[in-house]
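Please examine the structure shown below while reading this report.

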Amino acid sequence: MIGRKFGKTVRLTASYIVLVILSIAALYPALWILLASFRPGKSLYSKTFIPEQFTLSHYTELFTSPVYMFGQWYANTLKISIMSMLIGVVLTLLTSYAVSRFRFKARKTALSTILILGMFPGFMSMIAIYLLLKEFHLLDTHLALIIVYAAGAPLGGTFIAKGFLDTIPRSLDEAARIDGASNFGIFARIILPLSRPMITYMALTQFVGPWVDFIFARLILRSKENWTVAVGMWDMVNSQQNTNFTLFSAGAVLIAVPIMILFGFLQRLLVDGLTAGASKG
């Protein structure tokens with residue numbers, strides 16, 4: 001009996017030690033970036049972890065400097081992320097509703113196709129997408145990014161959304177159909193109100209993707225005024241040969257603020273949507 005208690009205590013202690021180490025490893029870089037954004041100067045290196053003096057000059061420089069168009073980049077990214085989120089969520093909901101509620105000949109084929117396409121990383125198709133956008137004269141436009149981001153949303157979210165919709169009783173659909181409701185009426189009046197946790201999850205994930213994407217935005221956008229904030233900040237560090245790290249840190253903090261706010265306010269719905277969507281295939 002004593003041996004069991006001792007073994008349980010050792011395992012519990014080891015678990016807490018591992019959790020503490022992982023927490024430090026996750027929080028230390030973020031805290032370093034936050035403190036660096038308030039540190040005077042432009043150097044990456046600092047003798048102390050906490051700045052000896054705090055300054056807000058880096059934040060004001062981002063929006064007042066004639067060299068950096070951070071405000072414009074921020075607005076561009078916000079526009080692209082919101083539009084991609086709205087269109088992507090609608091496409092994912094319609095796709096998942098169709099495969100969850102209807103039985104048609106190509107249903108299994110469609111699900112298999114979505115599953116297989118979702119296995120491949122997105123950058124494998126960048127050259128083909130680039131050539132298509134070039135033929136349609138959409139290079140260096142925000143519309144190109146919105147189309148690609150929104151069209152790719154069903155590949156990643158259909159199965160999770162379908163799993164959530166499968167948990168909604170079909171008896172509700174049948175009762176509404178007896179009352180004369182159409183398929184769209186059932187979708188709009190019954191499915192959508194009951195799917196708020198799942199919609200929240202999809203909206204957050206679809207917003208975060210375009211918000212932090214760099215590779216595809218760097219490939220498509222060429223004009224400086226059309227850049228997203230990720231491309232602009234890369235150019236900020238690259239052109240200055242890593243001598244403007246504190247300014248980069250301030251920009252990184254501002255990028256993280258909207259995501260932290262959204263996750264903070266919608267955390268409960270986010271967890272409910274993720275767990276419910278994963279309960280069934």
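## Helices α4 and α6

In this predicted model, helix α4 (residues 107–119) and helix α6 (residues 142–166) have axes that come within 8 Å and cross at roughly 125 degrees. The crossing in which α4 passes α6 is left-handed.

On the side of α4, the contact involves R107, L111, I114, L115, L117 and G118. Their partners in α6 are P154, L155, T158, F159 and K162. Sorted by class, the residues of this contact of α4 with α6 comprise seven nonpolar, two polar and two charged.

## The buried side of α5

Helix α5 spans residues 126–135, and its buried residues are M126, Y130 and L133. These residues cover an arc of only 70 degrees around the axis, which puts them on the same side of α5. An α-helix has 3.6 residues a turn, so residues three or four places apart point the same way.

What do the buried residues of α5 pack against? They pack against α6 and against α10 (215–220). The face of α5 turned away from this buried side carries the exposed residues I127, L132 and E135.

## A144 in helix α6

Is A144 buried or exposed? A144, which is placed in helix α6, counts as buried because its relative accessibility is 0%, and the cut-off for a buried residue is under 20%.

Leaving aside neighbours within four places in sequence, A144 is in contact with L133, L138 and I220. One of these, L133, is among the buried residues of α5. A144 may also be compared with K134: the two are ten residues apart in sequence, and their C-alpha atoms are 9.8 Å apart in space.

## The loop between α5 and α6

The loop between α5 and α6 holds H137 and also D140. Most residues other than glycine have a negative phi.

H137 also has a relative accessibility of 69%, so H137 counts as exposed; the cut-off for that class is over 50%.

## Helices α7 and α8

Two packed helices are described by the angle between their axes and the distance between the axes. For helix α7 (residues 170–178) and helix α8 (residues 183–194), the axes come within 10 Å and cross at roughly 140 degrees. This makes α7 oblique to α8, because an angle must be over 145 degrees to count as roughly antiparallel. The crossing of α7 past α8 is right-handed.

Which residues make the contact? From α7 come L172, D173, A176 and R177, while α8 supplies N183, I186, I190, I191 and L194. By class, the contact of α7 with α8 has six nonpolar residues, one polar residue and two charged residues.

Key
Residues are numbered from 1 along each chain as its sequence is written. This is a predicted model: local features need pLDDT of at least 70, side-chain atom pairs count only at pLDDT 80 or more; totals for chains, interfaces and linings use all residues. Side-chain values use heavy atoms; hydrogens and water are left out. Axes are lines fitted to C-alpha atoms, for helices over the stretch in contact, and angles run from 0 to 180 degrees between N-to-C directions. Helices (H or I, at least four residues) and strands (E, at least two) are DSSP runs, numbered from the N terminus. A crossing is left-handed if the near helix is turned anticlockwise from the far one by less than a right angle, and right-handed if clockwise. Contact means heavy atoms within 4.5 Å. Ala, Val, Leu, Ile, Met, Phe, Trp, Tyr, Cys and Pro count as nonpolar, Asp, Glu, Lys and Arg as charged, and the others, Gly among them, as polar. Buried means under 20% relative accessible area, exposed over 50%, partly exposed in between (1.4 Å probe, protein chains only). The arc is that of the directions from the helix axis to the C-beta atoms. Angles under 35 degrees count as roughly parallel, over 145 as roughly antiparallel, 65 to 115 as roughly perpendicular and the rest as oblique.
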